[in-house]
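Try each task yourself before you read on.

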Amino acid sequence: MRTTRTSYDTVATDYARLLRDELDAKPLDRAMLGAFAELVRAGGGGPVGDLGCGPGRVTAYLHGLGVDAFGVDLSDGMVAEARRTYPELRFEQGSMTALDMADGTLAGVVAWYSTVHTPPALLPKVFQEFHRVLAPGGQLLIAFKAGDLLRHLDHAYGHDLSLDVHWLSPDRVAELLGDAGLAVDARLVREPHEGERTSQGPQAYLLAHRPATDG
């Protein structure tokens, strides 16, 4: 986590600038976020954590859809960018492996490409945290890179850094979510769209929920 935090602290300003409007060209991404927001509202609403929020663009998009969204990120630099750009929203520093939240307090969790730097061996712990903080019936949307690959980055967003990026199959992620007590409701896998680098490969999105009765 230390190298991930340092890397994103380094790139925070340029990352925020480069990705601020990326959802404008991604209708399928917006559709999944819209479906998630509709499910949260249909369940009565409540706070939604954008976990690994980066500079806050997805948090702000969810807010625009009528969701009570706030952001949490490991990187102090990213949190500072999010607070500067969206001062009307709440952003906190924290780790997905040990969330500073009471059990069952969230109506929804979004993990928008925020688990791609997590070693697969640690994902069960992260997903158990998602289950813990979600209220019964709470919704989860996770986006990640689909495949079977580990790639190391030593330069990105105009800066030297050190990041491992994990591609995982949707079946594997769904299995891990199920092991954590979360029920998968829908999945989408899309190819890179025009304007994305083909090296990024397929992108995956899973919608899931914490059952009203665990077990």
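Leu 123, Pro 124 and Phe 127 in α5 meet Val 173, Leu 176 and Leu 177 in α6, where a contact means heavy atoms within 4.5 Å. The model is a predicted one, in which local features need pLDDT of at least 70, side-chain atom pairs count only at pLDDT 80 or more, and totals for chains, interfaces and linings use all residues. Residues are numbered from 1 along each chain as its sequence is written, and side-chain values use heavy atoms, with hydrogens and water left out.

**Exercise 1. Describe how α5 and α6 pack.**

Step 1: Sort the contact residues by class. The contact of α5 with α6 has 6 nonpolar, no polar and no charged residues. In this scheme Ala, Val, Leu, Ile, Met, Phe, Trp, Tyr, Cys and Pro count as nonpolar, Asp, Glu, Lys and Arg as charged, and the others, Gly among them, as polar.

Step 2: Locate the helices. Helix α5 covers residues 123-133 and helix α6 covers residues 170-179. Helices (H or I, at least four residues) and strands (E, at least two) are DSSP runs, numbered from the N terminus.

Step 3: Read the geometry. Two packed helices are described by the angle between their axes and the distance between the axes. The axes of α5 and α6 come within 9 Å and cross at roughly 55 degrees. Axes are lines fitted to C-alpha atoms, for helices over the stretch in contact, and angles run from 0 to 180 degrees between N-to-C directions.

Step 4: Name the arrangement. The crossing at roughly 55 degrees makes α5 oblique to α6. Angles under 35 degrees count as roughly parallel, over 145 as roughly antiparallel, 65 to 115 as roughly perpendicular and the rest as oblique.

**Exercise 2. Which residues form an aromatic cluster with Trp 112?**

Step 1: Apply the pairing rule. Rings of Phe, Tyr and Trp (its six-membered ring) pair if their centres lie within 6.5 Å; planes under 30 degrees apart count as stacked, over 60 as edge-to-face and the rest as tilted. The count comes to 4 aromatic pairs.

Step 2: Take Trp 112 and Tyr 113. This pair is edge-to-face, 5.9 Å centre to centre with 90 degrees between the planes.

Step 3: Take Trp 112 and Tyr 205. Their ring centres are 5.5 Å apart and their planes are at 40 degrees, so this pair is tilted. It links distant parts of the chain, with Trp 112 in strand β4 (residues 106-112) and Tyr 205 in strand β9 (residues 203-209), 93 residues apart.

Step 4: Trp 112, Tyr 113 and Tyr 205 form one aromatic cluster. Trp 112 and Tyr 205 are both buried.

Step 5: Look at the backbone of Tyr 113. Most residues other than glycine have a negative phi. Tyr 113, in the loop between β4 and α5, has a positive phi near 60 degrees.

**Exercise 3. Is Gly 54 buried or exposed, and what does Gly 54 touch?**

Step 1: Gly 54 has a relative accessible area of 8%, so it is buried.

Step 2: Leaving aside neighbours within four places in sequence, Gly 54 is in contact with Asp 73, Met 78, Val 79 and Ala 82.

Notes
Buried means under 20% relative accessible area, exposed over 50%, partly exposed in between (1.4 Å probe, protein chains only).
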